[in-house]
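Please read this briefing beside the sequence and the coordinates.

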Amino acid sequence: MLSAVAARKSSARADEQSTQSSPHPTSIQASREWSPSRPVELEESEAPRPAEPTVISSFSPLLGQNTFPLTQDDFSAMGFQGDNGVVLVLNASESVALLGVYLLTVLQGRANLCGVTLGPSSTHHRVFAPRSSPIPVISWAPTNSHSKRPLPSSVHASRDATVVLIQYVNTGVEGLSRVCRVFENVFKPPRDAPARDIGIPEIRLISHSTKDILPFTLLPSWETSLAYMDPASSNETDTTIIPVCVVKGPKKSGKSTFSRTLLNRLLNRYRRVAFLECDVGQSEFTPGGMVALSIIESHIFGPFTHPSLPYRAHYVGSSTPRANPSYYLSAIQSLLETYRLEIHIPALPDTWTSNDGRIEDVIPLVVNTMGWTKGLGGDLNARIEELVEPSHVFEMEGPEEWGWPTQSTEPAGDNFPLCSQAKNIVRVQLEAIQAEATNMHVFSAADHRNINMLSYFHAAFPPFITEQQPSASVSFVVPSPVSLCQVTADSWDVSLPLCARYPFEVRCESAFDRVYLVGPGYEDVAPSELPSVLNCAVVGLVAYDANTKEAEVVPMDQDVSALPYSPGQPQPHPSTSNCLGLALIRGVFSSNDPSPTPSHSPLTHLHILTPLPPSTLGHARILVKGELELPIWGVLDFREGEEGGVAGVEREQVPYLQWGKGEGLGSQRRRVRRNLMRKAQM
């Protein structure tokens, strides 16, 4: 009897100890997504544990051994410009992760960066490494060729080492953290981060990962699939097929990251790559709300730091095509026709030729689809795939949703089913990126949309020449950069907030032919309410064919507004229009009332802010107002601090803005739940 009691007490103590050492079953259930149809299996689930710090920089800088500061004479000897740089020598299996903004030039050997292998050249790759996203890691890569650039006499490196030049580049992008406080100091390491100096104050070496700083990692299935798109990595690549790639998958699966990596891989083989953005919520090269076709010539390293002028685009006006799916598909179809007729095999020869061996006479295509994969979104993505007629389809294996297991598929292996004919579609199933490998716990998708929009409006595009090139896919003349070149912002002007910058003053009667309001509820906006709707609105600047029937102006009361507007009219068809970019209408006023506020006087002038070059603004004859609005950070005046107002006006007197929590019915944003299940689904 005593032995039985002692055994029960011993068992109770063991259960108590196991309860204290292991998580409670309720915490186990909270660690996974709720499922109405699958029970919680305690033996297979574990409570989430904080990730242990991992070494992301095995390179240890030693001055005079593997780290060599350069002088201005050293730059001149190498044929480069600059006076502040450092040469790093990476030996076998070494890697280095840098935080900040810098130029990377490979001088000897080969280096891997964000899934791309870079060889010796005179190209300076711009790398943006904020901690709001996984930071790039420069690693040593083996090579069979020992070609190299001239090295300074002070640099000593073995024959098999990788030698890279690191230079700081002043672009002003760090100032965006003043505009959007959510991204404050994202280009600087936090206080508890293991950061080291490499000789350049603005760039820091990160030795270990933390909860706020994560390295960029390439999943095994991604690496295997991407290797077949690069002839240098695979002997099975069919060079006769021009890749037309579609990337699809649910949200938060790494679809945009894979599309950017695929684009960089193709740039190793082709001089130019076309990028069709179908994700109007998380756009890569343009602000949200646009379906855009862009031409890319240089590698892309970094998030929200490459706003570009698209070759052709159409303004949807929303972060989702739910309100107008037919126009969304028509816009994509029009852009695909433009690609096939003007870009796929360029009709006009280029005046500049490269000598790096890349293919120049054809341009492949990468299509990034949206993450809405259920219901109407799934039907739209399926229709897009039919319109594209791809040669390769890369599909992300999404996370488990609604309790149903995902389809078990093997990732691409050694037997990659590459077809010899383009009409046969190669489908590759890829594993989704894990949430632990991203910064989604700190920066949400809405935060990235906001910084993307603010980066666009503060961007400074380089000067370029525009021509009146006849378009083969549309019946009118549109401004396009010469020779299908890439036009990407090279700096950002954050010296003044948007409320303090000098705008374009535009006379409505002579500048615009029509105003369209698109989106739910806008069909009921009366002409007398147009000034209030356009004030502080984000609009699309659209060029169109003035000879089309749909462009006929409907007369309206000039006592209300000088802008021709009729409620409920659809915007011009994508086949006869082109969205040049976005603009912010900072103020509306009349000639009788000089104050830039809505009044009862007729609307005659607009104050407009846009990063578009002035040479293209004369072609924008249509304003399109959609559902997109300027992020609240763009309205505020960062010069005033947290307690100040806007442009010298006290915060209580600023129109359209309210500090603090609202009161009363309708003061809060309405939340729509779409995850409620029917009784039969429980």
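In this predicted model, the buried residues of helix 6 are Lys255, Phe258, Ser259, Arg260, Thr261, Leu262, Leu263, Asn264, Arg265, Leu266 and Leu267. They make up 11 of the 13 residues in helix 6, which is therefore described as mostly covered, with buried meaning under 20% relative accessible area.

**Helix 6 and its partner, helix 5**

- Helix 6 spans residues 255–267 and reaches 18 Å from its first C-alpha to its last, close to the 18 Å expected at 1.5 Å a residue.
- Helix 5 and helix 6 pack with their axes 11 Å apart and at an angle of about 30 degrees, which makes helix 5 roughly parallel to helix 6, because angles under 35 degrees are counted that way.
- The contact draws on Trp222, Glu223, Leu226 and Ala227 from helix 5, and on Thr257, Phe258, Thr261, Leu262 and Arg265 from helix 6; of the residues on the helix 6 side, Phe258, Thr261, Leu262 and Arg265 are also listed as buried.
- An α-helix has 3.6 residues a turn, so residues three or four places apart point the same way.
- Helix 5 passes helix 6 in a right-handed crossing.

- An open sheet is formed by 7 strands in the order 14-13-12-15-11-16-17, and the pairing is mixed.
- Strand 14 (312–315) and strand 17 (426–431) are the edge strands, each pairing on one side only, and the twist averages 15 degrees from one strand to the next.
- Strand 12 (residues 273–277) pairs with strand 15 (residues 365–368) in the parallel sense over 4 bridges, and Glu277 has Asn368 of strand 15 as its bridge partner.

**Helices packed on the strands**

- Helix 5 (residues 220–227) packs on the sheet, where it touches strand 16 (392–397) and strand 17, and its direction makes about 155 degrees with that of strand 17.
- Helix 8 (residues 376–388) lies across strand 11 (244–248), strand 15, strand 16 and strand 17, and runs at about 175 degrees to strand 11.
- Helix 7 (residues 325–343) has 19 residues and reaches 26 Å from its first C-alpha to its last, close to the 27 Å expected at 1.5 Å a residue.
- The buried residues of helix 7 include Tyr327, Tyr328, Leu329, Ile332, Leu335, Leu336 and Tyr339, along with Glu342.
- The buried residues of helix 7 pack against strand 11, strand 12, strand 13 (290–296), strand 14 and strand 15, and also against helix 8.

Conventions:
Residues numbered from 1 in each chain as written. Predicted model: local features only at pLDDT ≥ 70, side-chain atom pairs only at ≥ 80, totals over all residues. Heavy atoms only, no water. Pairing = 2+ DSSP bridges. Helix = DSSP H or I, 4+ residues; strand = E, 2+ residues; numbered from the N terminus. Axes fitted to C-alpha atoms, helices over the stretch in contact; angles between N-to-C directions. Contact = heavy atoms within 4.5 Å. Expected span 1.5 Å × (residues − 1). Buried < 20%, exposed > 50% of the residue type's maximum accessible area, 1.4 Å probe, protein only. Parallel < 35°, antiparallel > 145°, perpendicular 65-115°, else oblique. Left-handed = near helix turned anticlockwise from the far one by under 90°.
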